[in-house]
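Here are a few notes to read alongside the model. Have it open as you go.

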Amino acid sequence: MSLLEDERRPLNPEGCDPEHLGKVGVGSISLIDSGDLGEAQGIDLDNYDDPNFDPTGSILQDDSPYAEVRSAVANTDDPMMPSSTFRAWVVGIIWAVLMAGVNQFFFFRYPTIRLTGFFSLLLTYPICKAWARYLPRISVFGISLNPGPFTIKEHVIIMIMADICSVPAYATGIIAVQRVYYNQHPNFVYQWLLVMSTQLIGFSISGIYKRILVAPPSMIWPENLSAAALFNTLHAQETTGTRGQHGISRDRFFTYIFIGYFFYNFLPSYLFTALSTFSWVCWIAPNNVKVNQIFGVSHGLGMGLITFDWGVITAFIGTPLTVPWWAAANVGITVMFFYWFLLPNLYYSNVWYSAYLPLVSSQPFDNTGSIYNVSRTINADSSFNLQAYQSYSPVFLSVSFVMSYGLSFASITAVVMHTLLYHSKQILTQSRRSLSDQPDIHARLMSVYKEVPDWWYLLIFLTTFAFGVFAIETWDTGFPVWAFVLALVISLVYTIPIGVIQAVARFQVGLNAITEALIFTGYLKLGHYMKVPHRPTFFCQIVASVVAGTHTVFGTASIIWGVIGPRRLFSLVNSTNLVFSFLVGAVFPLIQWTLHKKFRMTFLKYLNFPVIFASIGFMPPATPINYVPWVLICFLFNYIIRRRHILWWLKYNYVLSAGLDAGYAVGAIVIFFVLQYPKNGTIGLNSIQNWWGNTVYTKTADYAGLPAKTVPGGGTFGPSSW
């Protein structure tokens, strides 16, 4: 079978002509009952209210039951539209090589830059339009060099390949830590096997669980909606959001937002960077430590609330415009209770000696308040030296970092308990269901195409598992095979509950081992929304993964979990109570479920403890300034405007998100390569870089990360023995 073939069935399983399916749209209106919809999805409506579903709205049988999806995703398809073409593969592979190389090169350099999927999405459009117009329509060995007009499905395949390679493979962080922190220099074969095993094991897991995490309409994957809206805008595809609201077209609206933010971005990113880190209270009292800790944005609590930089707002958790408001409200609860109430109380009480450290920091520290020097605790072979450790210092973490671990522990059990209570029936139902049986137009349209057999994914899993075992056994990793198997079992168990939360609320519980699988699952859902045949989507992800693999929190985590070990860390700084976080995470969803079942209180429908515990997993290094404006913007657009101006919201909300993201991404790249990277960053060194608007925030206690308590000269803090 050629990679350039589109995998279509002559008829769908229900016997419908693909041409008929391609013309299904909102013109053929048929309403279905919300109870029937819940039953069709396998949802136990007596015990679960889908927070994304509005039961008061009309449900169209020939469209998604979710307004967010109807706004951004077309409910029609042309099964004869080319997707896996020579053009798509050439441009996609070029983007994959470029993204992997450039982003990996700058990943370990300062200043840094990252080419994003939106950057490739935008530039691909004129490139492939020119290809379609100017290249001759000839065939070589039966392959058409110019298959005709550039299609939306080709565009999606190219973007998936580019985006996979835009983020360095997770395993490259392991290799970097080995080199930088432990002075180990593994050879290319080891590195390649390690990267391939982690990348493609994640890919295979995503395929194994696609019936549960991709096909059901309730698995909306909000992060894909902005890209879907942009694809449909560029290719003039009609969605529900394009109907009913007068005003300028979506493509013109996108153009205005994109150009506007592209030029505006020069202000907070280069000309007046204080607008980005807008710690205005700290400018007034730059040396007052408590004021800086409360209102600071580098190492503080960010109670100033304001930033004028879209890049700061979206830096860690993406655009707020695609997130359901109820999920953002849970994030707001977390910030206010854990970071604005509990954290300062712990810090100023000097719990875990935290007052000697910055309030918010992801760095490990020793008992002098300096960055922990792990090289003083290991032998020449990188094994742990207990005597050297005891003569040096225990590891101290900022109270924000300890809290981050506590919330992460709670999220691990909360996500399992929540999924068992609210989604177990749905999971069992969906695991036995085919695409044609889904109560969703998009799944039925996708049933036209040949599916990827499960054994393909299983074969990749077994092959890459062998890669991992070979790497572990051949090189001196100190990592037993049984631990590798245990890690895979944990991944297989947790992918479904974590994936359900991410698909519904857009937040991922912070288990690094699951990250790769859910990234690939998100791409499968994007292909599902855009009606890209299953098999081309399968192959483009494999090729991009191989390309990506062949071309500082990691350091802290490796010290905690690798060299020093969690037992020594958490016992010596008196934070063994963190273990009880696992119990808390299991109990709170059970209490919520019991109360909801008994009293049917509306607000409990929207309370989600996995989101509460996991949503701020990036803090630190993130601070509340990355979250609070994010919550406020989500409230404005996805609650107020959606309720009061629903037609405007349906037409423009996701296009606005795409325009801001694209304007920021392209603007940041232009600024970097034109103004920051040339001449080693010395352009404007004595002029624009040194004026008040670019330096005022660097002269504050917040920027310096000063602690509440200082260690006497030559002295230490903490226990006398460890």
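Predicted model: local features only at pLDDT ≥ 70, side-chain atom pairs only at ≥ 80, totals over all residues.

1. Numbering runs from 1 along each chain as its sequence is written, and side-chain values use heavy atoms, leaving out hydrogens and water.

2. Start with helix 28, residues 628-644. (Helices are DSSP runs of H or I, at least four residues, numbered from the N terminus.) Its 17 residues reach 23 Å from first C-alpha to last, close to the 24 Å expected at 1.5 Å a residue; that expected span is 1.5 Å times one less than the number of residues. Helix 28 also has a kink of about 25 degrees centred on Phe635, the bend being the angle between axes fitted to the seven residues ending there and the seven starting there.

3. Which residues of helix 28 are buried? Among them are Trp630, Ile633, Cys634, Phe637 and Ile641. Buried means under 20% relative accessible area, exposed over 50%, and partly exposed in between (1.4 Å probe, protein chains only). The buried residues of helix 28 pack against helix 15 (310-313), helix 16 (325-348) and helix 29 (646-676), with contact meaning heavy atoms within 4.5 Å.

4. Now over to Phe588, found in helix 26 (residues 580-599). Phe588 counts as partly exposed because its relative accessibility is 36%.

5. Last, look at Gly101 in helix 4 (residues 86-107). Gly101 sits 64 residues from Cys165 in sequence, yet their C-alphas are 8.6 Å apart in space.

Notes:
Helix = DSSP H or I, 4+ residues; strand = E, 2+ residues; numbered from the N terminus.
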